[in-house]
Amino acid sequence: MAGHSQFKNIMHKKGKQDAIRSKLFSKLAREITVAAKLGMPDPGMNPRLRAAVLAARAENMPKDNIERAIKKAAGGDAETYDEVRYEGYAPGGVAVIVEALTDNRNRTAGEVRSYFTKAGGSLAETGAVSFLFDRVGLIVYDRRTADEDAMLEAAIEAGANDVVSGPEEHEVITSVEALNEAEKALEAKFGEPRRAALVWRPQNTIAVDDETGEKILRLINTLEENDDVQTVSANFEVSETLLAKMEG
């Protein structure tokens, strides 16, 4: 499993006890509002909004907060955010894609650039590393939802391309176009997934040593703490020893 996927699982658990929920809810609400503003305010008719609402529910965001974020867009008084993608290199030549929603491009670009520089990496032009990733749909279910064969069979019937089953989760991979219908089909069979979203999936991963891996994980953590940053994707693998250290 890619280092970032492993690290995200750790941060997800750690975040349950940390005082970061307010910031997380703010980011989730921003994505919900932008999705509702760009399309229909009905999650059933708007795949991006549906994915945003699923992400909010997965983090136990109150229903009132979700509805407020949707109404904010419908009311026409929502802030205007630009969708921006930054690409760069972390230590060890690891490729990183950062997606942000910002009301000030210059501020966000300056902050993201400084994070890369301080970590010993560098920001690059858009398109510099994205060719190393595939843009795919991702649907995540708890490992206990079904066994591997049942999940794979259901996913293929739903139009998915592949299933990667780990110790804690099933990751169902779809094309961008098939994500919405596949998610609906799987939900009818297994219930609501943990997550359904478009993601950047690395075509290959780079194994890095613990010293480099720690620098990369700290860079990713710093990026994800930025109010404007929504997602961070990277193509690396780290050791179980380092993951245990970071978890501790």
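How many of the residues of strand E2 are buried? Nine of its nine residues are buried, and strand E2 is thus described as mostly covered; buried means under 20% relative accessible area, exposed over 50%, and partly exposed in between (1.4 Å probe, protein chains only).

The model is predicted: local features need pLDDT of at least 70, side-chain atom pairs count only at pLDDT 80 or more, and totals for chains, interfaces and linings use all residues. Residues are numbered from 1 along each chain as its sequence is written, and side-chain values use heavy atoms, with hydrogens and water left out.

**View 1. Strand E2 is covered on both faces.** Strand E2 covers residues 94–102. On one side, Val94, Val96, Val98, Ala100 and Thr102 are buried. Helices (H or I, at least four residues) and strands (E, at least two) are DSSP runs, numbered from the N terminus.

**View 2. Four strands form an open antiparallel sheet in the order E3-E1-E2-E9.** Strand E3 (122–124) and strand E9 (229–234) are the edge strands, each pairing on one side only. Two strands pair if DSSP finds at least two bridges between them. From one strand to the next, the twist averages 30 degrees. For such angles, axes are lines fitted to C-alpha atoms, for helices over the stretch in contact, and angles run from 0 to 180 degrees between N-to-C directions. Helix H5 (residues 105–118) lies across strand E1 (82–90), E2 and E3, and runs at about 15 degrees to E1. Contact means heavy atoms within 4.5 Å.

**View 3. Strand E2 is paired with E1 and with E9.** The antiparallel pairing of E1 and E2 has nine bridges, and that of E2 and E9 has five. Glu99 of E2 is the bridge partner of Arg85. Glu99 also stands opposite Thr231 in E9. Ala100 has Val229 in E9 as its bridge partner. E1 and E2 form a hairpin with three residues between them. In the turn, Gly92 has a positive phi of about 80 degrees.

**View 4. A further open sheet has four strands in the order E5-E6-E4-E7.** The pairing in this sheet is antiparallel. Its edge strands are strand E5 (162–165) and strand E7 (195–202), each pairing on one side only. Neighbouring strands are turned by 35 degrees against each other on average, direction ignored. E5 and strand E6 (residues 169–174) pair over four bridges. In this pairing, Ser165 stands opposite His170 in E6.

**View 5. Leu179 is a buried residue of helix H7.** Helix H7 spans residues 179–190. The relative accessible area of Leu179 is 11%, so it counts as buried. Leaving out residues up to four places away in sequence, Leu179 touches Gly137, Leu138, Ile139, Thr174, Ala197 and Leu198. Ala154 is 25 residues from Leu179 along the chain, and the C-alpha atoms of the two are separated by 14 Å.

**View 6. Glu31 is a buried residue of helix H2.** Glu31 has a relative accessible area of 17% and therefore counts as buried. Leaving out residues up to four places away in sequence, Glu31 touches Arg48, Ala52, Leu101 and Gln230.

View 7. On a 1 Å grid over the protein atoms alone, a pocket is an open set of points with protein on both sides within 12 Å along at least five of seven lines; lining residues have an atom within 4 Å of a point. The lining includes Phe25, Arg30, Met61, Arg68, Lys72, Glu79 and Tyr81. Helix H2 (21–38) and helix H4 (63–74) are the elements that give two or more residues to it. H2 gives the most, with five residues.

**View 8. Asn60 lies in the loop between helix H3 (47–58) and H4.** Asn60 is exposed, because its relative accessibility is 57%. Although Asn60 is not a glycine, its phi is positive, at about 60 degrees. Most residues other than glycine have a negative phi.

Definitions and conventions:
On a 1 Å grid over the protein atoms alone, a cavity is a set of points where a 1.4 Å probe fits but cannot get out, and a pocket is an open set with protein on both sides within 12 Å along at least five of seven lines; lining residues have an atom within 4 Å of a point.
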